[in-house]
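Dear colleague,

I am handing over the structure we spoke of, and my notes on it follow directly below. Please read them with the model open beside you.

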Amino acid sequence: MKYQIGDRILLLSSKEEGTVVELVNDNMVMIEIKGTSFPVYLDQIDFPYFHRFTQQKLVKEKPRLIPGDEIKVDRSKYEVFKTDKGMFLSVLPVYQMDGLDETVKLMKFHLFNDTPHAMRFYFQIWLNNQLDLEIKNEIQPYNHFYLADLLFESLNDNPRFEFTFFLKEPQPKLATSVKKTWRIKAKQMFVQLEQLRTKAEATITYPLFDKFPEREPAPEPTPEQPKKKAPVTTIGSGNFASLLSKIQLQPETTLTPKQEVDLHIEALEKNWKGLSNIAILAIQLNAFQRYLELAISHHQHNLVVIHGVGKGKLRDEIHQLLRQTPEVANFVNQYHAKYGYGATEITFR
């Protein structure tokens, strides 16, 4: 291929320079410009020195100005203003040659946050009503996040994407969370891919929401009807995204820093019997994340997390989160006289 990862390139449409970050296929690469990555076809880019060399002869010498005649440039017209267009899902088809025909092999999904808010999000892919993939992470303002690849043949499995977004910094006028479901319709996807090929474009974009919704005002009690206490939220074994939103709404002001956190479900939730395994894992990970952030904010030296042995799913999820936390110096899960192999000790920087 003409380009390799790390090559400096010039985007011909805007004359902006960037870097090749991924080779998608023989006709397309992923480039990064000013912190934003997006796919382009090879005929939309060139090496920057080719452009510089060919343009040097076209540059005319600027007339010299008499001192005092300099014109001040209004730089405000050239500032890049941040927008609030919402959250988008982008689909990048990856093609392969099937004999003489070019067919779609798989689809790459990216999440684009075109809002001024940093958000935590929970993402799931369901195939034939079975959970296939789950991601818990966060996305920064005006940035993108790679979600997953989906084989094109999976369109026959009634794929469904579940999103739940939470503001990283809660705001009094905005809702606590927003949930969105996106279902892929195979017939519609075929039509859109054909239109994409006709227009010579790279991606299909779907809006998830325009703006983060505002918080609904609490209803005022009438004189005849005294104000009722807020109902206690109970967690059942229903939709996982719904469970996560209910868990997130639990007040965090009741938490105090601990040197030892027990994540056994009976220590976290009184009405835990009858919960699905996914719901139990969600409650445990949510509690772990909150105590971890609390320990970091209070500059604790270490923290012991009791996760038990079991099948190791909770332990593995915790270790994965710890690897992604820069404040963690190291962690160890070894035999302990008190916990056996059922606890992980975390040391902070």
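In what follows, a residue is called buried under 20% relative accessible area, exposed over 50%, and partly exposed in between, with a 1.4 Å probe and protein chains only. On that scale histidine 299 counts as exposed, at 71% relative accessibility. This is a predicted model, in which local features need pLDDT of at least 70 and side-chain atom pairs count only at pLDDT 80 or more, while totals for chains, interfaces and linings use all residues. Residues are numbered from 1 along each chain as its sequence is written, and side-chain values use heavy atoms, with hydrogens and water left out.

Histidine 299 has a positive phi of about 55 degrees although it is not a glycine, and it sits in the loop between helix 5 (277-297) and strand 15 (302-306); helices (H or I, at least four residues) and strands (E, at least two) are DSSP runs, numbered from the N terminus. Asparagine 158, also not a glycine, has a positive phi of about 50 degrees, lies in the loop between strand 10 (143-151) and strand 11 (160-167), and is exposed at 59%.

Helix 5 packs against helix 6 (residues 313-323) at an angle of about 35 degrees, with the axes 11 Å apart; axes are lines fitted to C-alpha atoms, for helices over the stretch in contact, and angles run from 0 to 180 degrees between N-to-C directions. Among the residues that meet there are Leu285 and Phe288 from helix 5 and Ile318 and Leu321 from helix 6, where contact means heavy atoms within 4.5 Å.

The structure holds eleven salt bridges, each being a side-chain nitrogen of Lys or Arg within 4 Å of a carboxyl oxygen of Asp or Glu. In one of them, glutamate 16 pairs with lysine 34, with the closest N and O atoms 3.4 Å apart. Because glutamate 16 lies in strand 2 and lysine 34 in the loop between strand 3 and strand 4, this pair ties together parts that are 18 residues apart in sequence. Glutamate 16 is partly exposed at 28%, whereas lysine 34 is exposed at 71%.

Lysine 108 forms a salt bridge with aspartate 149, again with the closest N and O atoms 3.4 Å apart. Lysine 108 is in strand 7 and aspartate 149 in strand 10, so the pair ties together parts 41 residues apart in sequence. Lysine 108 is buried at 12%, and aspartate 149 is partly exposed at 34%.
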